[in-house]
Every structure is written in structure tokens, then in C-alpha cells.
Amino acid sequence: MIISSCPLRVSFAGGSTDLQSFIDKNGHGSVINCAINLRTYITLHQDVLGFSSRLHKYIVNYTTREEEKNICDIKNNLVRECFRHFKTSPCTSSLTSDVFSSGSGLASSSSYLVGLIKAVCKHQKIKKTNFDICSESILIERKFNPLVGYQDPFGCGIGGLNRIDIEKPNVVKIEPLNSNIFHNLDMHLIHTKVSRKSTRLLGKINERKSKKLLSLVDEIEKAIEQSDIKSFVDIVNEGWKKKKESNPLTINNTAVSGIDKVLSEEKDVLCHKLCGAGNGGFFLLFTKTGYDTSKIRLNRMVIPISISKKGVGCYEV
């Protein structure tokens, strides 16, 4: 049996400038994000006398169970396109996660796919670096999600805190950043209990207004490198403001806007933003180290998170 796991990711600045349409039009995009200590998990195996060996079936377990003779009949987009790409023989695969990941804004679909590619490559004895796997992942995911951005597979699969630059046409550069600023900052997630489809939201982005987000990447990189908490907080807040201006659907939900209002009024919440495309999923928020988040006036679980230096990994048992 092959077991792989891959982090989820959160982004601090530059989101939506990593979309192919933005890069094609403007020549480049930049994002600063990090892998976090919440992960997706993949298991992959071929049995000896069971479904895959005797009945030649693909068994796929996630929130449902599929049993299919042919790859093209698999309903799970990630598994179908990955298996089709690698011409995978009948096997059993399972997908699970540390969090409720559907529409989370944490790039769960990319995390699952990167982990699945890692597992398939291990099973087929194909040698690929994690960078190569992330590059292949975005090509596969675009077969069913053309609006996936570069920050999703690379933000999950590489691990750590990074600046990701994408130059036209498709040149990706990863620059690791010093994470010392987070010795004095705590990161948390709050689930909105609202799920959404990112493709609908990403299709409504105003690229002219999104271009303003690009300038914040250099600024927040400087703040991170200098461990300048005040500037970091100001830039995250400014980026969240600009994000809402760039897309009218970013916060087009009463539950989401209500949480946004409460977090804005909490003086001990230094800054916050919605993860991913917005209008659901998780809020990311920052407090001083050691702050008691139970004081936040929300009937929501607050999940502490940290940077994961480890990207996608895999082993055989």
C-alpha cells in the first residue's frame, strides 16, 4: 500500500494574480503563501484476490464509494483525470482530510491531486521532484477546473513559507522566505459553515482591480523579512479590502459578512481575510502569540494552525 499526504495552504498576498488569464494579460503574477499543518491523505493499493485483481475494478473511496470497470466512468474528477493521465491499472484509492475541505478556500482539490500524483508515481516507480509533480498537477486539474491558479499546487506541494512568481507563459519560481515573524504571531482558521464553488467566484474577478493586489506582494515580503508585524497586519488588511473591491461576490453572503464584521470589531484580532476565492470556506486571522481565541464573539470553532515545512510526502507499507 502507498500512503501519501500533502498540506493545505493559506495565502497572504497576491491571490488571483496567479490565474492564467491574469498572467497572459499582464505578463506575470506573484503570490506569498504557506503550506499549513492541516493535510489531505491518499492511500493507493492493488489487492491480491479482490476487486482490482480478480474483478478488474477501480475502487474509489471519498465521501462516497465508486466501483468502476473503466477509468472514464469514475465520477471523482481528481481520480479520473489522474488515473487517465498515468494510465493507472485497476486499484483501490481513498481520499480523506484533516478538515471539511469542500469549498474551503484552502486549495484542497490541488492538495488531493498533488498527493495522488505522488502516490501513483511511487506505485509506478516514476521519479519526479515535488516541483515536477506540482507542475503536472496544474495541467491535470485544468482539464476539469480551468480556473485553478498556480499558487494552489505549488503552495501545497512544496511546503514552507514562499514567494511564488509566475512569468508568462508558464515559468514558476519559488523563493523560500524567513518565517521568524510568526514567532510573535498566531494564525487561526474559522470555518464560515458556508461552502461555495471557486470557479463561479473566480470568473467574476475584475482584473483591473486585481492588479492592485500585485503591489502588495513586494510590501508584505519586506514586512516578513524584517519581522515588521505592524506593516504585515496593515498589508493583510489592505489586501482583504482590495480583494472585496475586485469581486462583488467575495462576501456576498449574510453569514460570511456577519463574521467579517465581528472580526473587524475585535481589537485583539490584528487582521483577517477569507481564504481562497471568498464567500465561504475559512477565514484566516492573526492574533498576538498566546491570545485566548475563546474571547472572540463568534459561535464558531477557532482552529490554530502553523506553517508546515514539509510538502507532499509518500511512503510504502
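**Salt bridges, cores and cysteines**

Colleague: Which residue forms a salt bridge with K57?

Modeller: The partner of K57 is E67, and the closest N and O atoms are 3.5 Å apart. A salt bridge here is a side-chain nitrogen of Lys or Arg within 4 Å of a carboxyl oxygen of Asp or Glu. This is a predicted model, in which local features need pLDDT of at least 70 and side-chain atom pairs count only at pLDDT 80 or more, while totals for chains, interfaces and linings use all residues. Residues are numbered from 1 along each chain as its sequence is written, and side-chain values use heavy atoms, with hydrogens and water left out.

Colleague: Where do K57 and E67 lie?

Modeller: K57 is in the loop between α2 (51-54) and β3 (58-61), and E67 is in strand β4 (residues 65-68), so the pair, 10 residues apart, links distant parts of the chain. Helices (H or I, at least four residues) and strands (E, at least two) are DSSP runs, numbered from the N terminus.

Colleague: And is K57 buried, exposed or partly exposed; what is its relative accessible area?

Modeller: K57 is partly exposed, at 21%, and E67 is also partly exposed, at 34%. Buried means under 20% relative accessible area, exposed over 50%, and partly exposed in between, with a 1.4 Å probe and protein chains only.

Colleague: How many salt bridges does the count come to?

Modeller: The count is 17. Among them, E81 and R80 meet at 3.0 Å, N to O; E81 is buried at 8%, and R80 is buried at 12%.

Colleague: What about E238 and K242; how are they placed in helix α9?

Modeller: They are 4 residues apart in that helix, which means a separation of about one helical turn. Their side chains form a salt bridge of 3.2 Å, N to O. E238 is partly exposed at 29%, whereas K242 is buried at 16%.

Colleague: What does K242 touch, not counting residues up to four places away in sequence?

Modeller: K242 touches K212, L213 and L216 on that basis, a contact being heavy atoms within 4.5 Å.

Colleague: Turning to the largest nonpolar core, which residues touch the most other members?

Modeller: V10, F12, L189 and F232 do, in a core of 33 residues. A nonpolar core is a set of buried Ala, Val, Leu, Ile, Met, Phe, Trp, Tyr and Cys residues joined through side-chain atoms within 4.5 Å. Elements that each supply at least two residues of this core include β1 (2-13), β2 (28-45) and α9 (229-246), and α8 gives the most, with 5 residues. Leaving aside neighbours within four places in sequence, the contacts of F12 include I32, L161, F182, F232 and F286. Apart from this core lies another, of 28 residues, among them F86, A107, I133 and V312.

Colleague: How many disulfides does a search of the whole structure find?

Modeller: The search finds 0 disulfides, a disulfide being a pair of cysteine sulfur atoms within 2.5 Å.
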